[in-house]
Amino acid sequence: MGKKVTVVGAGFYGSTTAQRLAEYDVFDTVVITDIVEGKPAGLALDLNQSRAIEGFETKVVGVTTGPNGEGYESIEGSDVVVITAGLPRKPGMSRMDLLETNAKIVRQVAENVAKYAPNAVVIVVSNPLDEMTALAQIATQFPKNRVLGQAGMLDTARFSNFVAEALNVPVASVRTLTLGSHGDTMVPVPSQSTVNGKPLRDAMPAEQIEELVVKTRNGGAEVVALLKTGSAYYAPSAAAARMAKAVAEDSGEVMPVCAWVDGEYGISGVYLGVEAEIGAEGVKRVVETDLDADERASLLEAAEAVRAKQSDISSM
């Protein structure tokens, strides 16, 4: 039985994620769904016609879904479901401004995933990310390790890119890390960040690191302000697709993701950005990273901020 992945939502984020997943050629089938009649089928047709050029065999299937769960039977047997459905941010909007609208959408999607793909690992990318990940777990009733969110991969990639640009070095020589929430209480971790294996703090002054930390925290808003009619999708889709690939391959790769924390760092009972080992069952384990005192304090602060917001979710 071949591997199957579903991407819910055929906007820029969803369609780009589906393209990346198809081109990896590690899945037999990529299903892309959307509520816009014909759109997913059109994208699937187009993607399938690229197979001979790009040299992949993965079959892409596009399905229109209805308000009462019509079409969701096509996701049956999915190993991974990536939820991108929801409204993107517009200039001036915070991620939290999307809460109520996207909560309704994500809950409906999650309930259909539970019905038709009860063994799937769910990767949530809808904003506000930490809250939507918690909501998806509540709505699916899946074990918490099987529901995770994409945030840290993206924020870390942004941080690495800004460091590489500032120092004019290859991006491959930079290793950074961000934990905490996807938003105001993001916790970049300079103590674990290196350039050519040497500490980032030796490569640039503390003030410059702090500037890049702020730039990373506002990375999404900067893209939104420039695009004016949507939000980022190239880097976010790359992050979500890598996570889905790690699940499909049971790779055990350690990635910064939004995962359920239960005792690690002295924090319990909350979805939070941490490093985790990713495999066929989703999160195999949360990996505790060495943090300095300031970073640890920031992570605890982030946990409490996210906990307060997540506690309102169950009623949505």
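Mentor: Start with the classes: Ala, Val, Leu, Ile, Met, Phe, Trp, Tyr, Cys and Pro count as nonpolar, Asp, Glu, Lys and Arg as charged, and the others, Gly among them, as polar. On that basis the lining of the largest pocket divides into 21 nonpolar, 18 polar and five charged residues. Bear in mind that the model is predicted.

Trainee: What is the volume of the largest pocket, and which residues are closest to its centre?

Mentor: The space in the largest pocket is about 870 Å³. Its lining has 44 residues, and T84, A85, G86, L87 and P88 are the closest to the centre.

Trainee: How do you know that the lining of the largest pocket draws on domain 1 and domain 2?

Mentor: Domain 1 (4-149) and domain 2 (152-314) each give at least three residues to the lining of the largest pocket.

Trainee: Which residues does the UniProt annotation "binding site" cover?

Mentor: The UniProt entry, which is unreviewed, gives R89, R95, N127 and R158 under "binding site". The lining of the largest pocket includes R89, R95, N127 and R158.

Trainee: Why is R89 called buried?

Mentor: The cut-off for buried is under 20% relative accessible area. R89 has 8%, so R89 is buried. R89 sits in the loop between strand 4 (80-83) and helix 4. Beyond four places away in sequence, R89 touches S94, R95, L98, G220, A221, V224, G230 and S231.

Trainee: N127 has 18% relative accessibility; what makes N127 count as buried?

Mentor: The same cut-off, under 20%, applies. N127 has 18%, and therefore N127 counts as buried. N127 is in the loop between strand 5 (121-124) and helix 5 (129-140). With neighbours within four places in sequence left aside, the contacts of N127 are R95, L98, N102, M132 and H182.

Trainee: What is the volume of the second largest pocket, and which residues lie nearest its centre?

Mentor: The second largest pocket has about 340 Å³. Its lining has 18 residues, and P188, P190, E210, V213 and S298 lie nearest the centre. Strand 9 (186-188), helix 8 (206-217) and helix 11 (293-310) give two or more residues each.

Trainee: How does the lining of the second largest pocket divide by class?

Mentor: The lining of the second largest pocket has eight nonpolar, two polar and eight charged residues.

Trainee: Which residues line the largest cavity?

Mentor: The lining consists of L129, D130, A151, G152, D155, T178, L179, G180, S181, H182, C258 and G273. Helix 5, helix 6 and strand 8 (178-180) give two or more residues each, and strand 8 gives the most, with three. By class, the lining of the largest cavity has four nonpolar, six polar and two charged residues.

How values were computed. Residues are numbered from 1 along each chain as its sequence is written. This is a predicted model: local features need pLDDT of at least 70, side-chain atom pairs count only at pLDDT 80 or more; totals for chains, interfaces and linings use all residues. Side-chain values use heavy atoms; hydrogens and water are left out. On a 1 Å grid over the protein atoms alone, a cavity is a set of points where a 1.4 Å probe fits but cannot get out, and a pocket is an open set with protein on both sides within 12 Å along at least five of seven lines; lining residues have an atom within 4 Å of a point. Grid points are joined across faces, edges and corners, and a volume is the space filled by probe spheres set on the points. Domain bounds come from an automatic or database domain assignment. Helices (H or I, at least four residues) and strands (E, at least two) are DSSP runs, numbered from the N terminus. UniProt positions are given in the numbering used here, feature names are shortened, and annotations may be inferred rather than shown by experiment. Buried means under 20% relative accessible area, exposed over 50%, partly exposed in between (1.4 Å probe, protein chains only). Contact means heavy atoms within 4.5 Å.
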